Amino acid sequence: MDIAGTVIGAGWGLLSYVVPFLFVLTVVVFFHELGHFWVARRCGVAVQAFSIGFGRELVGWTDRQGTRWRISAIPLGGYVRFAGDANSASMPDRDALDTMSEAERRGSFYHKGVGARAAIVAAGPIANFLLAIAIFTASVYLGGRAILLPRVDAVEAGSAAERAGIRPGDLVLSIDGRPVESFADMQRIISARPGEALAVTVERDGSEVMLRATPDLREMTTPFGKQRIGLLGLRASRDPGDWTVKQYGIVDSLRIGLTDTWYIVERTGDYVGKLLTGRESTDQLSGPIRIAQVSGEVASMGGLAGLINLAAILSVSIGLINLVPVPMLDGGHLLFYAIEAVRGRPLSEQAQEIGFRIGLALVLMLMLFVTWNDLQHLGAAFGLGAT
């Protein structure tokens, strides 16, 4: 056995996952923190540090306004540290705040009005959504979009489509009044609405036919775990003539970029709602290990373009996660600011400290859970623990 060759091969295999993962994560984190940074500068807040990663600084430089830009040793996130912050988690340094001069107070995040502080905090998630919209828009504008007409090639026996009366050769025009341009459009609508009676309009022999179809609930295995989706039981057309690449102008590309971003938000919200009501499993909750695995797979199949699109998807997810009203996250800070705006004064230091501790505990528990989920998924992928 060539041990050296095995070790080298394993090393290259690990790099094929780690490098794409770090690329995707760095892009998403950079734009998130850039949102905080840009709005803070506009509001006159002094920014002490802008870091990609945590821990010891590897490379860094200081700009003319005194901000230390750094790349740190642990590349799993990042932060912006404002004047008055005690640490990278944006906990206030009470001692420093109490001894600030008047000039220092003007540049302190904590001495700004509640509106300015809320705008700075919200800018991170907003930047994530804008990044996703920009990527999706640019992708469509520069490369167009491959369109497969929603023509039915075959109908699965005993399926929801067969029960609804859909036939091979039918061209789907709309579902519940929503125009259907491609087979992918139809999949998006159907997958999100299992068990719901839908009005399906098809073109058959030159005439429009109205049908009622109720998608069946099926469990599908995806790179992010098992998903329960709606299926009609149709096979897409195999006719090369039904494929086309459609080019779009900037306005239509932007519309599609907004639609694609909203689709991710909508599906995420639907999943969380079903998770809370027990209609979905936690199998889809993923952490860094599974994201790294997916990044490697996307890089091998879709190259740089695939990774950039994955960055857009993850950017929306990061933006949504950060808006959850849990202390330690941006949403938790916004919750505190909303309470301050209503009360006319902030919560007490003790109440905020308790909130941050609870938030930290919740975030750590979530990280442990998704890591365990990832390890189980990885073990299943390699056949470990199978019976």
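A residue is called buried when its relative accessible area is under 20%, exposed when that area is over 50%, and partly exposed in between. The model is a predicted one. By the cut-off for exposure, aspartate 205 is exposed, because its relative accessible area is 77%. Aspartate 205 sits in the loop between β7 and β8. Its phi is near 55 degrees, a positive value in a residue other than glycine. Most residues other than glycine have a negative phi.

The chain as a whole comes next. Its secondary structure comes to 10 helices and 12 strands. Of its 387 residues, 39% are buried. Among the contacts with a separation of 6 or more, 62% are between residues 24 or more positions apart.

Strand β5 (residues 171–175) runs antiparallel to β6 and is joined to it by 2 bridges.

Helix α4 (residues 114–143) has 30 residues, which at 1.5 Å a residue should span 44 Å; the end C-alpha atoms are 43 Å apart, so the two values agree. The helix has a kink of about 35 degrees at alanine 123, shortly before proline 125. Just after α4 comes glycine 144, with a positive phi of about 70 degrees. Glycine 115 also belongs to α4, and its relative accessible area of 47% makes it partly exposed. The C-alpha atom of glycine 115 is separated by 9.4 Å from that of alanine 338, although the two residues are 223 residues apart along the chain.

Several residues of α7 are buried, including Ser253, Ile256, Gly257, Asp260, Thr261 and Ile264. Val265, Tyr271 and Lys274 in α7 are buried as well.

The aromatic residues are taken up next. A pair of aromatic rings is described by the distance of the centres and the angle of the planes. With centres within 6.5 Å as the condition for pairing, the count comes to 9 aromatic pairs. In one of them, the rings of phenylalanine 37 and phenylalanine 50 have centres 5.7 Å apart and planes at 80 degrees, so the pair is edge-to-face. Phenylalanine 37 lies in helix α1 (residues 3–42) and phenylalanine 50 in strand β1 (residues 47–62), 13 residues apart. Both phenylalanine 37 and phenylalanine 50 are buried. Ring pairs also link them with Phe30, Phe31 and Trp69 into a cluster.

Another pair is made by phenylalanine 54 and tyrosine 79. Their ring centres are 5.7 Å apart and their planes are at 20 degrees, so the pair is stacked. Phenylalanine 54 is in strand β1 and tyrosine 79 in strand β2 (residues 68–82), so the pair ties together parts that are 25 residues apart in sequence. How exposed or buried are the two partners? Phenylalanine 54 is partly exposed, because its relative accessible area is 27%, whereas tyrosine 79 is buried at 7%.

Strand β2 also holds serine 72, which counts as buried because its relative accessibility is 3%. Leaving aside neighbours within four places in sequence, serine 72 is in contact with Ser51, Ile52, Gly53, Phe54, Gly55, Arg56, Glu57 and Leu58.

Definitions and conventions. Residues are numbered from 1 along each chain as its sequence is written. This is a predicted model: local features need pLDDT of at least 70, side-chain atom pairs count only at pLDDT 80 or more; totals for chains, interfaces and linings use all residues. Side-chain values use heavy atoms; hydrogens and water are left out. Two strands pair if DSSP finds at least two bridges between them. Helices (H or I, at least four residues) and strands (E, at least two) are DSSP runs, numbered from the N terminus. The expected span of a helix is 1.5 Å times one less than its number of residues. The bend at a residue is the angle between axes fitted to the seven residues ending there and the seven starting there. Rings of Phe, Tyr and Trp (its six-membered ring) pair if their centres lie within 6.5 Å; planes under 30 degrees apart count as stacked, over 60 as edge-to-face and the rest as tilted. Buried means under 20% relative accessible area, exposed over 50%, partly exposed in between (1.4 Å probe, protein chains only). Contact means heavy atoms within 4.5 Å.
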